[in-house]
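Subject: Structure handover

Hello,

I am passing this structure on to you. Please open it and read the notes below alongside.

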Amino acid sequence: MKLFHRLVIDKDYRDQFLGIGIDLLHIGNPDKNWMPFVVLTLAETDDRWLPVSSLIERLDVGHTVETEFARTELHGATCLHFCSKSTTGYPEPSSDGGYLAITYDLSDYCDQCGTGKTQKQPFRMKSEVKWGRRQTTQLNWVEEELFVRPDIWESVFKPMGIDFRPVQSVGGRELDSVVQLKVEEEVDLNIPSTHVAEVCSKCGRVKFQHNFNGYWPSAVSSPVAIAKSVQYFGWGHAAHRALLISHDMFERMDANKLNCQYWACSN
Ligand SMILES: [Zn+2]
């Protein structure tokens with residue numbers, strides 16, 4: 001497993017970074033030198049990480065940690081979190097947030113933290129999905145649902161006992177090119193009490209930070225195939241449950257080279 005630190009640095013800090021031998025103007029795409037910040041990604045094993053980490057602590061520069069697992073770590077996990085590497089537009093109608101009332105039963109919904117939605121109707125998309133080389137996608141704002149090509153549902157997910165929901169156009173016509181996986185199973189995660197969380201001041205529900213450094217927390221019981229976490233993740237008004245898969249489901253998805261990214265949970 002490799003840990004990567006991703007920093008978004010204001011170019012006003014150029015002098016401070018020059019002091020440790022890093023010129024912010026020489027990072028990234030020179031065509032984007034008009035931008036006020038640069039994105040610096042450093043592996044934890046990079047010699048520059050130690051001086052950079054103490055500098056950003058003084059400057060109060062935020063950063064996120066990303067984990068890249070070895071193949072053996074992914075194949076050895078009994079439960080994994082995953083997402084599609086692709087997004088395709090927004091749930092419709094998106095401009096006024098009208099999709100919420102159309103798609104979900106909102107009787108238990110909290111508009112402050114975003115928790116409590118239950119899907120009641122198919123999602124609507126702007127148009128048929130032009131897949132190209134992709135097999136899976138997700139909608140922006142909807143991190144807990146996976147959309148796939150119908151033939152991929154048939155060959156990869158249906159044999160694992162996973163059903164689908166149709167997807168509709170903005171006007172309510174059924175789309176031919178895409179289906180949504182019906183994920184009904186729930187799995188409880190052993191999230192450490194020290195993990196960053198926020199309690200909603202309106203409904204009292206807890207939401208966790210989505211990022212874990214290294215392994216994801218273990219599952220109380222491994223998913224049968226594909227599941228959502230009991231726990232919510234997200235920040236502000238956004239909340240979602242994490243998509244989780246069993247070892248066998250991962251092996252199928254990996255063998256079919258689906259455009260997904262995976263994070264191993266601790267066993
Ligand atoms: Zn709330």
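In which order do the 3 strands of the open sheet with antiparallel pairing lie? The order is E2-E1-E3. Before I go on, two points on how to read this. The model is predicted: local features need pLDDT of at least 70, side-chain atom pairs count only at pLDDT 80 or more, and totals for chains, interfaces and linings use all residues. Residues are numbered from 1 along each chain as its sequence is written.

Strands (E, at least two residues) and helices (H or I, at least four) are DSSP runs, numbered from the N terminus. Two strands pair if DSSP finds at least two bridges between them. Strand E2 (37-43) and E3 are the edge strands, and each pairs on one side only. From one strand to the next, the twist averages 20°. Axes here are lines fitted to C-alpha atoms, for helices over the stretch in contact, and angles run from 0 to 180 degrees between N-to-C directions.

Strand E1 (residues 2-10) pairs with E3 in the antiparallel sense, over 6 bridges. Leu3 has Thr67 in E3 as its bridge partner. Phe4 stands opposite Glu66 in E3. E1 is also joined to E2, by 7 bridges, and these two run antiparallel. There, His5 has Leu42 in E2 as its bridge partner.

**The whole protein**

The protein has 6 helices and 17 strands. Its radius of gyration is 20 Å, close to the 18 Å that the globule rule gives for 267 residues, so the protein is as compact as a globular protein of that length. The radius is taken over C-alpha atoms, and the globule rule is 2.2 Å times the number of residues to the power 0.38. Along the principal axes, the C-alpha atoms fill a box of roughly 60 × 45 × 45 Å.

Of the 267 residues, 28% are buried. A residue is buried if 20 or more other C-beta atoms lie within 10 Å of its own, exposed if 12 or fewer, and partly exposed in between, with C-beta atoms placed from the backbone. Of the contacts with a separation of 6 or more, 70% come from residues 24 or more positions apart. Two residues are in contact if their C-beta atoms, placed from the backbone, lie within 7 Å.

**Domains**

The domain assignment gives domain 1 (2-68), domain 2 (73-83 + 186-264) and domain 3 (90-182). Such bounds come from an automatic or database domain assignment. The C-alpha centres of domain 1 and domain 2 lie 28 Å apart. Their contact takes 4 residues from domain 1 and 4 residues from domain 2. On the domain 1 side, strand E3 (residues 63-68) gives the largest share, 3 residues. That side divides into 2 nonpolar, 2 polar and no charged residues. Here Ala, Val, Leu, Ile, Met, Phe, Trp, Tyr, Cys and Pro count as nonpolar, Asp, Glu, Lys and Arg as charged, and the others, Gly among them, as polar.

**A five-stranded sheet**

Another open sheet has 5 strands in the order E7-E10-E11-E9-E8, with mixed pairing. Strand E7 (124-125) and strand E8 (136-139) stand at the edges with a single partner strand each, so one side of each is left without a neighbour in the sheet. Strand E10 (residues 164-169) and strand E11 (residues 174-181) run antiparallel and are joined by 4 bridges. In this pair, Pro166 has Val179 in E11 as its bridge partner. Helix H5 (residues 150-157) lies across strand E9 (142-148), E10 and E11, at about 35° to E11.

**Single residues to look up**

- Arg58 sits in helix H2 (residues 49-59). Arg58 counts as exposed because it has 8 C-beta neighbours inside 10 Å. Arg58 and Phe157 are 99 residues apart in sequence and 49 Å apart in space, C-alpha to C-alpha.
- Pro93 lies in the loop between strand E4 (79-84) and helix H4 (99-103).
- Trp141 is in the loop between E8 and E9. Trp141 is not a glycine, yet has a positive phi of about 75°. With 16 other C-beta atoms within 10 Å, Trp141 is partly exposed.
- Lys257 is in the loop between helix H6 (247-255) and strand E17 (260-264). Phi of Lys257 is also positive, near 50°. Lys257 is exposed, with 9 other C-beta atoms within 10 Å.

Best wishes
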